[in-house]
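I opened this notebook to record what I looked up in the model, residue by residue at the start and for the whole chain at the end.

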Amino acid sequence: MSRYEFLLFGHVVFVILWVGAGSVFHVLGIRAERADDNEAIEGIFKNIASLGTTFFLPSSLLVLVFGLLLVWDSDVWSFSQLWIDIGLAGFAITFLTGLAWIKPQSEKIAAMIERDGGMTAVSLALARRMVVFGRLDYVVLYLVVADMIAKPTGDDVGLLVAGAVIFVAAAVYFATRARVLAPAPA
């Protein structure tokens, strides 16, 4: 196995772990929402809160490290290529969203669950609202994965516009859903 193949393997494995694990939480969340299963929602948030720094943060950072090493090690890839810049921007958006908003929100909800002995109307509303924003975060991640596969250039206008339309449509949809799910003032 060449150094490039090793770096690519590491990059892809940690993308699978990061995106795959988050996707499983989204599927579990959808199932819990449809079943109106507050216990399952509670369990999901406890797990997300505890896995944020022990699993999601290291996986996402290793995606970045292996990706940067791939570019530095390659004679083909460079930081002047549009698809790499889009991938780095998408990574930054999702990483910062996770670190600055999803992690603190999930910890806050987990603390509320612990303090109140389970889900309350307020913690449930906050949890459902956070899940909606978390889904938008995953739209960005999947767009980054598509970017990494398609490797668009400035000439791929249709592909770039399609990605932008998907992001804007998802942002509008999820922002609307989040307003509907906003917790009532206490």
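**Entry 1: Ile44 and its surroundings**

I began with Ile44, which, leaving aside neighbours within four places in sequence, is in contact with Phe25, Leu28, Gly29 and Ala32, where contact means heavy atoms within 4.5 Å. I placed Ile44 in helix H2; helices here are DSSP runs of H or I with at least four residues, strands are runs of E with at least two, and both are numbered from the N terminus. Ile44 is buried, with a relative accessible area of 9%, the classes being buried under 20%, exposed over 50% and partly exposed in between, with a 1.4 Å probe and protein chains only. I also looked up Ala110, which is 66 residues from Ile44 in sequence and 9.6 Å from it in space, C-alpha to C-alpha.

Before going on I noted that this is a predicted model, in which local features need pLDDT of at least 70 and side-chain atom pairs count only at pLDDT 80 or more, while totals for chains, interfaces and linings use all residues. I also noted that residues are numbered from 1 along each chain as its sequence is written, and that side-chain values use heavy atoms, with hydrogens and water left out.

**Entry 2: Leu64**

Leu64 is another residue that I found in helix H2, and with a relative accessible area of 24% it is partly exposed. Not counting residues up to four places away in sequence, Leu64 touches Leu88 and Phe91. I then took the C-alpha separation of Leu64 and Ala21, which are 43 residues apart along the chain, and found 17 Å.

**Entry 3: salt bridges**

How many salt bridges does a search of the whole structure find? I recorded 5, a salt bridge being a side-chain nitrogen of Lys or Arg within 4 Å of a carboxyl oxygen of Asp or Glu.

I looked up the side chains of Arg3 and Asp73, which meet in a salt bridge at 2.7 Å, N to O. This pair links distant parts of the chain, since Arg3 is in helix H1 (residues 3-35) and Asp73 in helix H2 (residues 38-73), 70 residues apart. Arg3 counts as exposed at 59% relative accessibility, whereas Asp73 is partly exposed at 24%.

The side chains of Arg135 and Glu33 also meet in a salt bridge, here at 3.2 Å, N to O. Arg135 lies in helix H4 (residues 121-150) and Glu33 in helix H1, so the pair ties together parts that are 102 residues apart in sequence. I noted Arg135 as buried, at 17% relative accessibility, and Glu33 as partly exposed, with a relative accessible area of 24%.

Glu107 is partly exposed at 34% relative accessibility, and Lys103 is partly exposed at 22%.

**Entry 4: loops**

In the loop between H1 and H2 I looked up Asp36, which has a positive phi of about 55 degrees although it is not a glycine. Asp36 counts as exposed, at 55% relative accessibility.

Ser74 is found in the loop between H2 and H3 and counts as buried, at 14% relative accessibility. I followed the side chain of Ser74 to the backbone nitrogen of Trp77, which it reaches at 2.9 Å.

In the loop between H4 and helix H5 (157-180) I came to Lys151, a residue other than glycine whose phi has a positive value, near 50 degrees. Lys151 is partly exposed, with a relative accessible area of 29%.

**Entry 5: the whole chain**

Of the 186 residues in the protein chain, 37% are buried. Among contacts with a separation of 6 or more, residues 24 or more positions apart account for 76%.

How values were computed
A polar contact is a pair of N or O atoms within 3.5 Å; within protein, one must be able to donate a hydrogen and the other to accept it, and residues adjacent in sequence count only if both atoms are side-chain atoms.
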